[in-house]
Amino acid sequence: MPDDEDPIIGDGEEDWFGEADPRVPDGRGWADSTARDLDFLGSEFEPPSDPGYTPASLDDAALRELERRVEHNRTPAFPIDLRKRLPLEAVWRRWRALAMWGRSDVVDDFGRDPRATARWEWLFEFLYSRWFRVEATGLENIPDRGRALLVANHAGTLPYDSAMVMHAVRRDHPARRDVRPLVEDTVFHLPWLGPIMNRIGGVRADPANAERLLEKDELVAVFPEGEKGMG
Amino acid sequence: MPGAPASIGGRVVAVTGACTYLGGELLRRLEEDPRYTRVLALDVRAPSQVGGKIEFVKLDLTQPTVDGELATLLQQAKIDTFVHGAFLSHPTHAAEWAHELEDVGTMHVLNACAAVEPRRFVMVSSTLVYGAHPKNPNFLTEDAELRGHRDSRFVNDKVRAERQVARFASEHPAVEVCVLRFAPILGPTVSNMYTRFFSRVVAPVMMGHDPLMQFVHEQDAAFALAKAVESHATGPFNIIGKGVLPYTTVLALLGRVPVPMPQIVARQLTKMLWATQIVGSPPSFLDFLLYLCVADGSRARNVLGFSPRLSIKRTILDFLGIAPEDGATDIARASV
């Protein structure tokens, strides 16, 4: 093997939506994509060191047969086949890049999306420092690492206070920790609000979820008042 | 190696549903493994792997007399492991036939196994049996209630089959009963409800809802099944992939066009499309686009020794066939 690194064991972190990624067909050289498709056979198909060897097995007919067999084993999916016939890859790639805007392709176990969180940061900053002019005291009581439970009561009709607690800890605490607030069911299943809360770190209030978060040494915030405090 | 069964001349395995994706992959792995001397492939048609130590026996689990036939067969072959994988991967309009195959067929299989008492019984199930429910915790462990779905016969037949197997396990403590609940399997060669759903250009999105989803790569799933056949672990196991992603992010990665629609419109539309047999996903499937149904794989990791190799993003890219590692689905595993 030329390199020891197994390409499949990657952690899935690398960004492959780059401008000029040679691995992704871009529609320009789509005619010779057949040859590229068979590149992966390279390492297994090293010709033997025998000098009398002629690569007769890799003529056009054999290659076509090999390709036919590879294609035959795939799930016949209409859009994929269509894309192979038409030079639509560039359009499709743009569409996918556009669809991935503002979201990251790796979220944590509970659905917190770092890019989506960053998208809402300006709103929290505005509410925190301009609108409510929050003064956070006692932040030094929150440990820098390890599990901890923040318990508070709600104040106000909408659960702004949990967002403000999250923002205060992320902004002013030396360790910049992420608070995972446990969100009450009715709020969590509200259309649009629920998924947004989930993306920025909210978790549905459930004993199993709380236990799992604490086991992962997260900073969990609970509002035991629940719905009643929301007026 | 703890090769205790090797002293009696190797292991004999019977596999129902040999023509399913997992059944076929299992046959291929058993064929290569010298610890297994004989494999009975039971199905209504011959799988392509027949030959060598794999014997095909035509068996229709929907026939009423199949349990006696199967018991005689198992007795004669002296099987020590029975793998029950004759379950449907797509919902079908032939609901009565599906019920005969999955629920009643499992009863026949268990009747035969009660007479023969094999050493090990492995069943293939799905995490769909937990059902998508607003009260589900983020990670469903194996002891969670099997809610099924109030009007999905596709899911409920599997729930009933699992209940029968659980009763069988309590009545026959001598048999090691192992149930594998697979997360939706995705990959370039497998075909099931999810691969068909994600192959379409457009996909419905319930307005304002975006649950987390979980998939397992087909090679990881096949590896887990082979692992379950060779191990001594008992009880249910969730076989899941690495990581979760929101539904709309899955669609974005796949490049599908999300069509947001209100629930009431989506229900009526899917009902219509299902009744006219234009799409293969029933209206009850919409609940899985509304609420969480994500399982926890720590028991499989600790007891069965299975942990998935591919992340959900890799799984999705491999399903599309656009990953740079195209063709890399033949994952070489050191331990099998």
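# A walk through a two-chain model

Start by selecting Met164(A): this residue is buried, with a relative accessible area of 7% (buried means under 20%, exposed over 50% and partly exposed in between, using a 1.4 Å probe and protein chains only). Before you click on, note that this is a predicted model, in which local features need pLDDT of at least 70, side-chain atom pairs count only at pLDDT 80 or more, and totals for chains, interfaces and linings use all residues. Residues are numbered from 1 along each chain as its sequence is written, chains are lettered from A and ligands numbered from 1 in the order in which they are written, and side-chain values use heavy atoms, with hydrogens and water left out.

**Stop 1: around Met164(A)**

Met164(A) sits in helix 6 of chain A (helices are DSSP runs of H or I with at least four residues, strands are runs of E with at least two, and both are numbered from the N terminus). Which residues does Met164(A) contact, leaving aside its neighbours within four places in sequence? Select Phe124(A), Leu127(A), Tyr128(A), Phe132(A) and Val134(A), where contact means heavy atoms within 4.5 Å. Take Leu127(A) from that set: Leu127(A) and Met164(A) are 37 residues apart in sequence, yet 8.0 Å apart in space, C-alpha to C-alpha.

**Stop 2: two crossing helices**

Now show residues 114–131 and 160–172 of chain A, which are helix 5 and helix 6. They pack at an angle of about 100 degrees, with their axes 10 Å apart. The axes are lines fitted to C-alpha atoms, for helices over the stretch in contact, and angles run from 0 to 180 degrees between N-to-C directions. Helix 5 and helix 6 of chain A are therefore roughly perpendicular to each other. In this scheme, under 35 degrees is roughly parallel, over 145 roughly antiparallel, 65 to 115 roughly perpendicular and the rest oblique.

Colour the meeting residues next. On the helix 5 side of chain A they include Thr117(A), Glu121(A) and Phe124(A), and on the helix 6 side they include Tyr160(A), Ala163(A) and His167(A). By class, this contact of helix 5 with helix 6 has seven nonpolar, three polar and five charged residues. Here Ala, Val, Leu, Ile, Met, Phe, Trp, Tyr, Cys and Pro count as nonpolar, Asp, Glu, Lys and Arg as charged, and the others, Gly among them, as polar.

Zoom out for a moment to see the whole of chain A, with its nine helices and four strands. Of its 231 residues, 34% count as buried.

**Stop 3: a parallel pair in chain B**

Hop over to chain B and select helix 3 (residues 95–116) together with helix 4. Their axes come within 9 Å and cross at roughly 10 degrees. Helix 3 and helix 4 of chain B are therefore roughly parallel to each other. Residues making the contact include Ala95(B), His99(B) and Leu110(B) from helix 3, and Phe154(B), Ala161(B) and Phe168(B) from helix 4. The classes here come to 10 nonpolar, three polar and seven charged residues.

While you are there, pick Asn156(B), which lies in helix 4 (residues 153–171) of chain B. Is Asn156(B) buried or exposed? Asn156(B) is buried, with a relative accessible area of 18%. Not counting residues up to four places away in sequence, Asn156(B) touches Gly148(B), His149(B) and Arg150(B).

**Stop 4: a covered helix**

Select helix 7 of chain B, where eight of its eight residues are buried. Among them are Tyr247(B), Val250(B) and Leu254(B).

**Stop 5: empty space**

Rolling a probe the size of a water molecule over the atoms shows where empty space is left. On a 1 Å grid over the protein atoms alone, a cavity is a set of points where a 1.4 Å probe fits but cannot get out, a pocket is an open set with protein on both sides within 12 Å along at least five of seven lines, and lining residues have an atom within 4 Å of a point. Grid points are joined across faces, edges and corners, and a volume is the space filled by probe spheres set on the points.

How large is the second largest pocket in volume? About 680 Å³. Of its 27 lining residues, Arg103(A), Arg119(A), Arg199(A), Asp210(B) and Thr248(B) lie nearest its centre.

The largest cavity has a volume of about 210 Å³. Finish on Phe188(A), His189(A), Pro211(B), Leu290(B) and Leu292(B), which lie nearest the centre of this largest cavity.
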